[in-house]
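This report describes a nonpolar core and a set of salt bridges. The structure comes first, then the terms and the findings.

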Amino acid sequence: MAMQRRLATVDRLARWGIQVNQSCVLCGGDIEEIHDHLYFECPYSQSLWTGIQEWLRYKRKIEEWEIEVQWLTTSVNNRNPKKTLLGVVFAAVVYNIWMERNERRFQGQRREVQDRAKEIARQVHISGQKNCKWTPILNTLNSYPTCNP
């Protein structure tokens with residue numbers, strides 16, 4: 001649903017007549033929680049994406065949603081294990097940002113960006129146990145990502 005921009009962000013909820021606090025719960029700013037802000041403009045999300053990309057040894061600037069999805073779709077390749085892994089990591093980051101948003105918005109719980117990065121690393125390593133082609137890559141990723149808040 002994230003890929004089609006169909007998640008129930010507060011801007012979409014408002015269009016449906018549901019009144020909720022419009023502010024982004026990840027950064028705590030007075031910025032409206034829209035899809036692009038939530039995933040790539042929010043300082044929390046940018047820190048997470050940057051840390052995860054550095055962990056994977058990619059050096060690139062985080063862009064807006066369309067550019068990131070385009071880069072991902074041209075980069076992911078089922079024949080190249082590192083690029084296949086990139087798709088899994090992308091999905092894990094999107095999922096974890098959404099989970100963090102929901103836990104903050106609806107349960108009053110929060111995790112620091114570094115803790116989310118560790119969770120993503122664990123998820124990737126667990127997924128990688130099912131794919132022997134990923135083993136050499138995962139062996140190089142034997143530390144946690146570093147994310148600066």
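## Terms and basis

A residue is called buried when its relative accessible area is under 20%, exposed when that area is over 50%, and partly exposed in between, with a 1.4 Å probe and protein chains only. By that rule E103 is buried, with a relative accessible area of 15%. R116 also counts as buried, at 2% relative accessibility.

This is a predicted model, in which local features need pLDDT of at least 70 and side-chain atom pairs count only at pLDDT 80 or more, while totals for chains, interfaces and linings use all residues. Residues are numbered from 1 along each chain as its sequence is written, and side-chain values use heavy atoms, leaving out hydrogens and water.

## The nonpolar core

A nonpolar core is a set of buried Ala, Val, Leu, Ile, Met, Phe, Trp, Tyr and Cys residues joined through side-chain atoms within 4.5 Å. The largest one here has 37 residues, and L48, I52, L56 and L85 have the most contacts inside it. Two or more residues of this core come from each of helix 2 (35-41), helix 3 (43-55), helix 4 (65-75), helix 5 (81-107), helix 6 (113-128) and helix 7 (135-140). Helix 5 gives the most, with nine residues. Helices are DSSP runs of H or I with at least four residues, numbered from the N terminus.

What does L48 touch? Leaving aside residues up to four places away in sequence, L48 touches V93, I97, V113, R116, A117, I120 and C147. Contact here means heavy atoms within 4.5 Å.

## Salt bridges

A salt bridge is a side-chain nitrogen of Lys or Arg within 4 Å of a carboxyl oxygen of Asp or Glu. The count comes to eight salt bridges. One of them joins the side chains of E33 and R105, at 3.0 Å from N to O. E33 lies in the loop between helix 1 (10-15) and helix 2, and R105 in helix 5, so this pair ties together parts that are 72 residues apart in sequence. Both E33 and R105 are buried.

R116 meets E100 in a salt bridge of 2.8 Å, N to O. E100 lies in helix 5 and R116 in helix 6, so the pair links parts that are 16 residues apart in sequence. E100 is buried, as is R116.

R116 also forms a salt bridge with E103, with the closest N and O atoms 2.8 Å apart. E103 lies in helix 5 and R116 in helix 6, so here the parts tied together are 13 residues apart in sequence. Through shared partners, salt bridges join E100, E103, R104 and R116 into one network.
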